[in-house]
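Visitor: Hi, could you walk me through this one slowly?
Guide: Gladly, ask whatever comes to mind once it is on the screen.

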Amino acid sequence: MSAVGAALPHDSALAHCTGAARFADDLPEPPGLLHAALVLSPVAHGTLNAVAAPPGVLMLTAADIPGANDISPSGKGDEPLFATGTIRHHGQPIAMVLAETRDAALRAAAAVRAEIAPLPPLLDLDEAIARQSFLMPPQVIARGDAAAAIAASPLSAEGEFRAGGQEHFYLESQIALAMPGEDGEIAITSSTQHPTEVQHIAGRVLGLDYNRIPVSCRRMGGGFGGKESNASWVAAAAALGVRVTGRPVKLRLPRKTDMAATGKRHPFLYRWRAGFDGTGRILALEATLAADGGHSLDLTPGVVFRSLTHALNCYDVPAVRLTGLALRTNSVSHTAFRGFGGPQGVLLMEDVIRGVARATGLSPEAVRERNFAGAPNDAVTPYGQALEGDLIRRAWAECRADAGIDARRAEIAAFNAAHPFLRRGLGSFALAFGISFGIRHLNQAGALVHVYTDGSIRLNHGGTEMGQGLNVKVAQVVAETFGVPLDRVRITATSTAEVPNTAPTAASTGSDLNGWAAHNAALAIRDRMAEVAAGLWEVAAEDIAFVEGRVRVARPGDNRAMGFGDLAHRCWIERVSLSATGFYRTPDIHWDPAAMRGEPFFYFSYGASVAEVVVDTLTGEHRVLRADLVQDCGRSLNPAIDRGQIEGAFVQGQGWLTCEELFWDDQGRQRTLGPSTYKIPGSRDAPPDFRVRLLAAAPARQGTIFRSKAVGEPPLMLATAVWNALIDATGVARLDLPATPERVLLALRARGS
């Protein structure tokens, strides 16, 4: 049986369900362990004059940092580990205390007193724009003269709306365990998507070479982008405790502390003007996408970049000017979140399409089809990379047919006529999502593979497992390469001591990058083994086949064969290396940041969705009744894993768009600091009629690993159909996000319903 393409369970599924899977907090506590707790700022903006701990409390501040007080991913020095001088946001770490137990550490942190002179916080995005409070210069993607084309268009429309942020709400909060070793070494176990960045940030803070800071991660209890940069400073703080005390230190953030101190998905403000004709063809578009970056740069440049490159989504507009703003405010520094700006970007055209539909009397579906990229429209994006119009149209057509849109609209109209207070609505969506890191050098990966003399295999790669099934997919690739059963491949913890200089597990590239790296390592060993077998049987190495756990001569009538383990042992006897490193870098990607043009993505993943909702117009409460999804996964490495990713991503996207509301009061204090005040979707929020289908017979046209495609991020955006369905049900012209019952009710009242 082929390993690749098989619908196999997650490698840790049973261990997750039984509690046997070990996470960072499950590891045995070493002798002498100290527990750490953070002291956070109670105000959003102010001058820090002093920090005082009660007698007997061991407290560390910026003065105790031997290296640089800088945890910014870019190294630009705009984000300190512990605040000095100026407080920039509510929940900013000021100090850390160490104690013999976690409860004692938390009590001690609560007893620390900080003397802060408050200053007025900058919180409003309109005010930030007016004051030109920017984290970086504006980014602009342009083609043609959009202003002139709008003026010359037969029809025009404009709009403005807002989308809120989103808390990652991983089940396992941020945690790190740092251990002292010989000769100044500090080993870190971190719940992180980016072990190499943990190594780098800890090295920067401690003033140590990277080779003294090995970092490992076996698994995370969720990440979603929240453990890409934020995990690094948590680990650095724990390592600082080791450097000062010489004892092991564990830092695990309580949920409220985690939510106060770590970044979210970026909230966005949108303003647009469009020109179009009576057929619904959009001729020109000017738009501003303003992201609330919070107090520091973090990963905001990449988020704004991806939002701009996805602002047109799968549509073609001849004349365009898209401006991306990164606003500096007195809130926590917003960061990576599943989709990394793509979800915010694709919202723009949905509002534009609705505006065009209202002005022309056409359905949103008709406007979509009129403007899809590819013949008869242009297939090339404003930044110069071509989309595959046939795949856009195929995913859309199949989803539309699955959903039976036309027949269901008639059913919905009949339902609405018969119910005075309940309203049903139908919304659709289509997607083109680019796969690759926006920063070119991050598109690389390494792997290490060992074959032992009994034929068992040990696999290590630079990706991290956060529940998404990366490890089982990469193991399937290795098993397929050697032609052995999957259970012969042992998956091991990610470690900078085994595979160095890795990229983060993010941007949906985990399988693409690490799958290829592992394949290349396995292939190097397999080629050596084939040479040994060829020598034994006096045939060409090309005639050796590895299938079903055996190695045989692949020639008609030649039945010579041996077990894979037998050949491995023979290779050892012949003194042939059964260990190899593999490396992969994504080809054919480039970007000119000055011209804002290039081909930044290796390929695009396509998808489409249709959602049906029902709204109670008396309360604003609503439910998703049915969702039809078609997702392009190329030739899926593991359909079971991919289906789970699609379903989970859709529900997470639905949460962002409908119920997950972050709230800061007028003093800049975050008030949504736990599940009692921040609602994530539950099992009853998922559509009871949930139809998911992988686009069949659509192998990737680019040289991806076994012609598969990424699936981690794209399906989250398919939940955008829910927003469109809510607007269809209510008939409102504007519905800001998240579309909570309160916000829906206010929009209905503003419309006069």
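Visitor: Which residue lies over the face of F169, and how far is it from the ring centre?
Guide: This is a predicted model, and in it R255 lies over the face of F169, at 4.6 Å from the ring centre.

Visitor: And what lies over the face of Y170?
Guide: That is K227, which is placed at 4.6 Å from the ring centre of Y170.

Visitor: While we're on rings, how many aromatic pairs are there?
Guide: Searching the whole structure gives 17 aromatic pairs. One of them joins F602 and Y603 in an edge-to-face arrangement, with 6.0 Å from centre to centre and 65° between the planes.

Visitor: Why do you give both a distance and an angle?
Guide: Because a pair of aromatic rings is described by the distance of the centres together with the angle of the planes.

Visitor: Are F602 and Y603 buried or exposed?
Guide: Both F602 and Y603 are buried.

Visitor: Which rings are linked into a cluster?
Guide: The cluster held together by ring pairs consists of F305, Y383, W591, F601, F604 and Y606.

Visitor: Okay, new topic: what order do the five strands of the open sheet come in?
Guide: The order is β7-β15-β14-β13-β8, and the pairing in this open sheet is mixed. The edge strands, each pairing on one side only, are β7 (139-143) and β8 (155-163). On average, neighbouring strands of this sheet are turned by 10° against each other, if direction is ignored.

Visitor: How do β14 and β15 run?
Guide: Strand β14 (residues 282-294) and β15 run parallel and are joined by 10 bridges, and A284 has A319 in β15 as its bridge partner. Together with helix α8 (residues 300-309), β14 and β15 make a right-handed β-α-β unit.

Visitor: How many residues of β15 are buried?
Guide: Eight of the 10 residues in β15 are buried, so the strand is mostly covered.

Visitor: Last one: where is Q645, and what is it in contact with?
Guide: Q645 belongs to helix α16 (residues 639-658). Its relative accessible area is 14%, which is under 20%, so Q645 counts as buried. Apart from neighbours within four places in sequence, Q645 is in contact with R338, G467, Q468, V711 and G712.

How values were computed
Residues are numbered from 1 along each chain as its sequence is written. This is a predicted model: local features need pLDDT of at least 70, side-chain atom pairs count only at pLDDT 80 or more; totals for chains, interfaces and linings use all residues. Side-chain values use heavy atoms; hydrogens and water are left out. Two strands pair if DSSP finds at least two bridges between them. Helices (H or I, at least four residues) and strands (E, at least two) are DSSP runs, numbered from the N terminus. Axes are lines fitted to C-alpha atoms, for helices over the stretch in contact, and angles run from 0 to 180 degrees between N-to-C directions. Buried means under 20% relative accessible area, exposed over 50%, partly exposed in between (1.4 Å probe, protein chains only). Contact means heavy atoms within 4.5 Å. Rings of Phe, Tyr and Trp (its six-membered ring) pair if their centres lie within 6.5 Å; planes under 30 degrees apart count as stacked, over 60 as edge-to-face and the rest as tilted. A charge sits over a ring if NZ of Lys or CZ of Arg is within 6 Å of the ring centre and within 35 degrees of the ring normal. A crossover is right-handed if, with the strands pointing away from the viewer, the path from the first strand over the helix to the second runs clockwise.
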